[in-house]
Amino acid sequence: PWYALDGTHPEVQAHLEKLFRTMNREWGCTYFKLDANFWGALPGGHFYDKSATRIEAYRRGMEAILKGSGKSFILGCNHPIWPSLGLIHGSRSSGDISRDWNVFKMTSTENLNRNWQNGTLWWNDPDCLVLTGKRPANEYAFHLASIVASGGLVLSGDDLTGCSDDQKEIIRKAARLTGTAATFKDSTLEVGTIKKKNETIFVLLNRDDQPKTLVVHFDAQSNIKRFQSGEIVGSNLKDYSIIVGAHSGEILISTPVSK
């Protein structure tokens, strides 16, 4: 048997409000990751308010959490999508990450197909960025590029004491790029564009088992550099083609040439 609190019950609402107020005001917690939110909207429950739907029960329970948590950031995971509107600040947009190529590929597809939600409904959470482990460098490059393309939260899943200085700098740089989700030119999710004030970021993703040539086009003559290394790879270009390795990704930053 499984049990879930009844969000329509006044005592449950008071308990949730008090619990989160304690964690926020007394313990100093300002970020709450709520998982398995859908349990609050399970069918077949018995509610204190006999006229309430399971969606109303879920929303009333979540409203009590919001009231108690003050100005904290609320992340919803495995939550019912539309019933969560207005109740969470961040939304997990994929399954769990693990250091495995098939998971990198699967979660990237899940996250990037939900880019339209980011910054509109809430901030998307593509799950953790991982840079350490036994996977080959190209697969970590793919994973990094897909996290940047999501435009959402950048949370490190590594033990930072085990990260190199270069890896720590990548995390910092990735965090500075976040906030705007990439727009992809088609459903292959291979070439994404993020327009910033003074630069354009291109995210190139190759899920195939063989290298692939991908092409980006610029609105104006541009200079292009690689995100990770800062290496200048082209100047005064209107388009640029690059061979992206199998199971790999590239992040290019273009700046228009001053006239």
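Which residue in β9 is the bridge partner of Lys212? It's Val244, and that pairing belongs to a sheet of six strands. Keep in mind that this is a predicted model: local features need pLDDT of at least 70, side-chain atom pairs count only at pLDDT 80 or more, and totals for chains, interfaces and linings use all residues. Residues are numbered from 1 along each chain as its sequence is written, and side-chain values use heavy atoms, with hydrogens and water left out.

**The sheet**

- The six strands make an open sheet, in the order β5-β6-β7-β10-β8-β9, with antiparallel pairing. (Strands are DSSP runs of E, at least two residues, and helices are runs of H or I, at least four, numbered from the N terminus; two strands pair if DSSP finds at least two bridges between them.)
- At the edges sit β5 (183-184) and β9 (232-244), each pairing on one side only.
- Nine bridges hold β8 and β9 together, and these strands run antiparallel.
- Their hairpin has five residues between the strands, and Gly230 there takes a positive phi near 80°.
- Strand β8 (residues 212-226) is also joined to β10 (residues 248-256), by five bridges, again antiparallel.
- Ile224 stands opposite Ser254 in β10.

**A helix across the sheet**

- Helix α4 (residues 137-150) lies across β5, β6 (191-195), β7 (200-206) and β10, at about 50° to β10. (Axes are lines fitted to C-alpha atoms, for helices over the stretch in contact, and angles run from 0 to 180 degrees between N-to-C directions; contact means heavy atoms within 4.5 Å.)

**Rings and a charge**

- You'll find seven aromatic pairs in the structure. (Rings of Phe, Tyr and Trp, using the six-membered ring of Trp, pair if their centres lie within 6.5 Å; planes under 30 degrees apart are stacked, over 60 edge-to-face, and the rest tilted.)
- One of them is the stacked pair of Tyr31 and Phe73, 5.8 Å centre to centre with 5° between the planes.
- This pair links Tyr31 in strand β1 (residues 31-34) to Phe73 in strand β2 (residues 73-76), 42 residues apart.
- Tyr31 is partly exposed, at 38% relative accessible area, and Phe73 is partly exposed too, at 21%. (Buried means under 20%, exposed over 50%, partly exposed in between, with a 1.4 Å probe and protein chains only.)
- Trp82 and Trp116 form a tilted pair, 6.5 Å centre to centre with 40° between the planes.
- Both Trp82 and Trp116 are exposed.
- The charged end of Lys173 sits over the ring of Phe227, 4.9 Å from its centre. (That takes NZ of Lys or CZ of Arg within 6 Å of the ring centre and within 35 degrees of the ring normal.)
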